[in-house]
Amino acid sequence: MEFNAIYVIVAREFKKFIRERSRLISTIARPLLWLFIVGTGMSRLVSPDTGVPYIQFIFPGILGMTILFSSIFSSISIIWDKEFGFMKEILVAPVSRFSIVIGKALSGTVVSTIQAVIILALFPFIGFKLGILQIIWVILISAALSFCLSAFGIVLATFYESYESFSVIMNFIIMPMFFLSGAMYPIKLLPDILNLISKINPLTYGIDAMKHVLFQFKTGTMSPDFLFIIDIAVIIGTSVLFVIVAGKLFERKK
Amino acid sequence: MAIITVENLVKKFDNLTAVNNISFEVEEGTIFGFLGPNGAGKTTTINILCTLLSPTSGRTFIAGHDCMKEPAEVRKSIGIVFQDTTLDKDLTAYENLIFHAYLYNVPKNERQERVYDVLRFVDLFDRKNDLVKKFSGGMKRRLEVARGLIHRPSVLFLDEPTLGLDPQSRANLWEFIKELPEKHHVTIFMTTHYMEEAEVCDRIAIIDNGKIIAMGSPAELKMTVGGDIVYIRTTDNVKTQEEIKRLFGFDVSEKGEELYMTCLMGDTCIPEMIRTIGEGVLSVRLQRPTLNDVFLKLTGKAIREEEASEGDNVKEHVRAYRRRQ
Ligand SMILES: Nc1ncnc2c1ncn2[C@@H]1O[C@H](COP(=O)(O)OP(=O)(O)OP(=O)(O)O)[C@@H](O)[C@H]1O
Ligand SMILES: [Mg+2]
């Protein structure tokens, strides 16, 4: 493991993240809009059968959304680095491709987890009463999910050479991942085919794990869909898979 | 001792042969230049040498390591200034360099000092905390050269280091590149399509359409054109023309008010000629053959000097910036 290289890749991302206020503001604003506008609006329509108001039901989903967007954005910056040449500086360095992938995935993990924590801090405003243990669990799950989705983002980024492809990724990958993750409605209500797609979406498991931690009830429409242990296993398993695949794809030379 | 060895290197992109069976060696501590027009295969060769591309066939070694089989060893021993800038414009000069120091595993207690050293060397120490996007083209180039030196490579690749710079900055950059082999104990492998820039090289390979068509020191290459051209203007050109033909056996032609002829050693030829012709000489000038003449002779065409203009760069920037918003 090349710790210096991994460290500096993460440090660079972190520095740029802090410097780029507009990026922070827009990634924080999006979940806030969904939470308070969509959440409040839909609360009027959805009458919960198991005790939680809709705005609370979507809270894990909103955390998941924050992580999804910021992780993928962070990893997609690889395309940006390719277009502006900085990637070559990294690729000619005596650093294994595996370390580069780990460094990039951890970069996404750091910035996404920070943003998830900012959103999490809003819990008192939507009527949650959380204990310290619950908060720690949510942060841990956020970090694991961030790593997983960042690694997934790196795999995506290896397929694209220019930033033009960004809207394709946005419309055909990120948005469907969000809508088919149990964030806004329980996946058990979805028709078979969509339910199946939701089940191969790692985000679903991250959000499901947060539902386990945030909600007391284990039955009913709004309850979690999988066992907590399964959620965690899927997140870790897919993380490893994505890192390996991304490493292999990075190794590829023309 | 040869520090770079290239044997029968071939690189094909689909059906285009970018590098067509080239072989050469570069001696340690020298400046070696690849001179050739756009699309000649210069960058492709560099990309193979620095392990970013795999060759279709052939072998390449740097400091005794096979570029294909031991890429990690090769990467440790090279520094590169790519044709297009590879700095992170959203970081400061110092941050770009310290990033490099970490990436190349420079020992902790030396990192800062080495970064400061190279910054002083390229005269950018006072600007170290400025964002790179505020730098001029020449400053960016210098910063990139500085970055390439931090990890003390044994070979430094410079792919068109002066591209897009004004003549003043170009001259400055060359002054500074010339000193590198001695001051930093590196071998330089550079490419250019500016003839006059290739003059700083100890050895040059002229490359066209993926093939090396000539190789040697600048002086050797120029000898192949057949020597210097002497221009002479006298009070009686007709008489002088006859005289020179008779006494020296040169083939003299007239162009405007001047007579001109090719002779192998112009500088020793001229005094002799003046002694013989005596009074009537009004002016004499000597034109040394340029590498452009060499290229012209070998390929029948001049090297084009199309450049990616700074303007294009800026446009690209603005476009990309908008997209990001
Ligand atoms: N990735 C690639 N895919 C396909 N063709 C390529 C690729 N890279 C280079 N080429 C082709 O290979 C040839 C040599 O390109 P190369 O970049 O090596 O030229 P060069 O000598 O560096 O030219 P310049 O002076 O313009 O930088 C060109 O015809 C180019 O179009
Ligand atoms: Mg080139």
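Modeller: Gladly, and one term first: a patch here is built from residues with over 30% relative accessible area and no salt bridge, and nonpolar side chains are joined within 5 Å. Please keep in mind that this is a predicted model.

Colleague: Okay, which residues form the nonpolar patch on the surface?

Modeller: They are A:Phe14, A:Ile18, A:Val110, A:Ile114 and A:Ile118, which together have about 350 Å² of accessible area. The elements giving two or more residues to this patch are α1 (3-19) and α6 (97-120) of chain A, and α6(A) gives the most, with 3 residues.

Colleague: And A:Ile114, how does that one count in terms of accessibility?

Modeller: A:Ile114 lies in helix α6 of chain A, and its relative accessibility is 31%, so it counts as partly exposed.

Colleague: Switching to chain B, how many helices and strands are there?

Modeller: The secondary structure of chain B comes to 12 helices and 14 strands, and of its 325 residues 51% are buried. Among contacts in chain B between residues at least 6 apart in sequence, 67% join residues at least 24 apart.

Colleague: What's the strand order in the open sheet of 6 strands?

Modeller: The order is β6-β7-β8-β3-β9-β10 in chain B, with mixed pairing. At the edges stand β6 (78-81) and β10 (211-216) of chain B, and because each has a single partner strand, one side of each is left without a neighbour in the sheet. On average, neighbouring strands of this sheet are turned by 15 degrees against each other, direction ignored.

Colleague: In which sense do β9 and β10 of chain B pair?

Modeller: Strand β9 (residues 203-208) of chain B pairs with β10(B) in the antiparallel sense, over 5 bridges; in β10(B), B:Met215 is the bridge partner of B:Ala205.

Colleague: Which helices pack on that sheet?

Modeller: One of them is helix α1 (residues 42-49) of chain B, which touches β3 (31-35), β6, β7 (155-159), β8 (187-192) and β9 of chain B and whose direction makes about 150 degrees with that of β8(B). Helix α5 (residues 137-149) of chain B also packs on the sheet, touching β6 and β7 of chain B, and its direction makes about 155 degrees with that of β7(B).

Colleague: Last one: is B:Gln241 buried or exposed?

Modeller: B:Gln241, found in helix α9 (residues 237-248) of chain B, has a relative accessible area of 17% and is therefore buried, the cut-off being under 20%. Leaving aside its neighbours within four places in sequence, B:Gln241 is in contact with B:Val252, B:Ser253, B:Glu254 and B:Leu259.

Technical notes. Residues numbered from 1 in each chain as written. Chains lettered and ligands numbered in written order. Predicted model: local features only at pLDDT ≥ 70, side-chain atom pairs only at ≥ 80, totals over all residues. Heavy atoms only, no water. Patch = residues over 30% accessible without salt bridge, like charges linked within 9 Å, V, L, I, M, F, W, Y side chains within 5 Å. Areas by Shrake-Rupley, 256 points an atom, 1.4 Å probe, with all protein chains shown as cover. Salt bridge = Lys/Arg side-chain N within 4 Å of Asp/Glu carboxyl O. Helix = DSSP H or I, 4+ residues; strand = E, 2+ residues; numbered from the N terminus. Buried < 20%, exposed > 50% of the residue type's maximum accessible area, 1.4 Å probe, protein only. Pairing = 2+ DSSP bridges. Axes fitted to C-alpha atoms, helices over the stretch in contact; angles between N-to-C directions. Contact = heavy atoms within 4.5 Å.
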